[in-house]
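Keep the viewer open as you read.

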Amino acid sequence: MNKKVLLIEDDLQMQELIGEYLKEFGFICNAFAHPKDAIEELEKNGSYSIVILDLMLPDMDGFDVLKKIKNISSIPIIISSARGDIGNKIHGFDLGADDYLAKPYEPRELVLRIEHILKKPQDAKIRAGEFLIDKANREVLLDGYAIDFTKIEFEIFLFLVENINKISSREQIINATSLDENTKNRTVDTHISNIRNKIGDDSKEPLFIKSVWGIGYKFVS
């Protein structure tokens, strides 16, 4: 289970409390007081597994932040807010929140809800153009034919598809997969080359996995 959490909370005391508690249960928590900084981080780094979002934030309402995140990512979101009335809860769920915790609450309850969400299968099958990705069976079909990916190739391909039309750096690919953190960039390039060969993607004029010079790759559809 990926246990990397993005926390958007402008109350520094609450930031510290949540961060320390999550750390006790093996989570890595990166906290941001300003929503714009958090969104920029999420756009650059696709390795987070869940977002904890306060609603009363500087310069941007939390619901607007929620909509912004949903436009760029399918990452699960738990709202953590003192605005605990039923109207706000309904609005949050309507916008795509996965859970809603009204402050004050016990930090242990937040941990339990995070674990519950991360244990649920997330979008077991994904359609991306001519590809059908079956996450549960770790299978990729192209026009109905199965592609013989290795474990790492499947993880890289899935990560690129889940971040469709977004540039992913080699470092992001390494962090989001089972590759060792000391993996060299050239190794990522080799895996990409193998993936392209298996899906019939011309490396000189690729249709699906585009190279972004000096940065990394992006899947387009």
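The paragraphs below go from helix pairs to aromatic rings, then to single residues and the backbone.

A word before we start: this is a predicted model. If you wonder about the spacing of the residue numbers, an α-helix has 3.6 residues a turn, so residues three or four places apart point the same way. Aspartate 37 also belongs to helix α2. With a relative accessibility of 41%, aspartate 37 counts as partly exposed. Its C-alpha atom is separated by 9.2 Å from that of isoleucine 8, 29 residues apart along the chain.

From α6, the contact takes in Ile152, Glu153, Ile156, Phe157 and Leu160, while α8 supplies His191, Ile192, Asn194, Ile195, Lys198 and Ile199. The classes in this contact are 7 nonpolar, 2 polar and 2 charged residues.

Counting ring pairs gives 7 aromatic pairs. One of these pairs joins phenylalanine 131 and phenylalanine 208: the ring centres are 4.9 Å apart and the planes stand at 80°, so the pair is edge-to-face. Phenylalanine 131 sits in strand β7 (residues 131-134), and phenylalanine 208 in the loop between α8 and β11 (209-212), so this pair ties together parts that are 77 residues apart in sequence. Are these two residues buried or exposed? Phenylalanine 131 is buried, with a relative accessible area of 0%. Phenylalanine 208 also counts as buried, at 11% relative accessibility.

Next, look at arginine 170, in helix α7. Despite its charged side chain, arginine 170 counts as buried, at 18% relative accessibility; the cut-off for buried is under 20%. What does its side chain reach? It is the backbone oxygen of isoleucine 215, at 3.4 Å. Setting aside residues up to four places away in sequence, arginine 170 touches Asn185, Val188, Asp189, Ile215, Gly216 and Tyr217.

Glutamate 181 is found in the loop between α7 (170-176) and α8. At 68% relative accessibility, glutamate 181 counts as exposed. The C-alpha atoms of glutamate 181 and glutamate 171 are separated by 8.4 Å, with the two residues 10 residues apart along the chain.

Let's finish with the backbone. Most residues other than glycine have a negative phi, and most peptide bonds are trans. Where does this chain have a cis peptide bond? A cis bond joins lysine 103 and proline 104, with omega about -5°. Proline 104 lies in the loop between β5 (99-102) and α5 (107-119).

Aspartate 59 is exposed, with a relative accessible area of 66%. For aspartate 143 phi is near 55°, again a positive value. Aspartate 143 lies in the loop between β8 (139-142) and β9 (145-147), and is exposed with a relative accessible area of 54%.

The last stop is helix α4, residues 86-94. Aspartate 85 caps its N-terminal end, with a side-chain oxygen 3.2 Å from the backbone nitrogen of glycine 87. Just after α4, glycine 96 takes a positive phi of about 115°.

Definitions and conventions: Residues numbered from 1 in each chain as written. Predicted model: local features only at pLDDT ≥ 70, side-chain atom pairs only at ≥ 80, totals over all residues. Heavy atoms only, no water. Contact = heavy atoms within 4.5 Å. Helix = DSSP H or I, 4+ residues; strand = E, 2+ residues; numbered from the N terminus. Polar contact = N/O pair within 3.5 Å; in protein donor to acceptor, adjacent residues only side chain to side chain. Buried < 20%, exposed > 50% of the residue type's maximum accessible area, 1.4 Å probe, protein only. Phe/Tyr/Trp six-rings, centres within 6.5 Å; stacked < 30°, edge-to-face > 60°.
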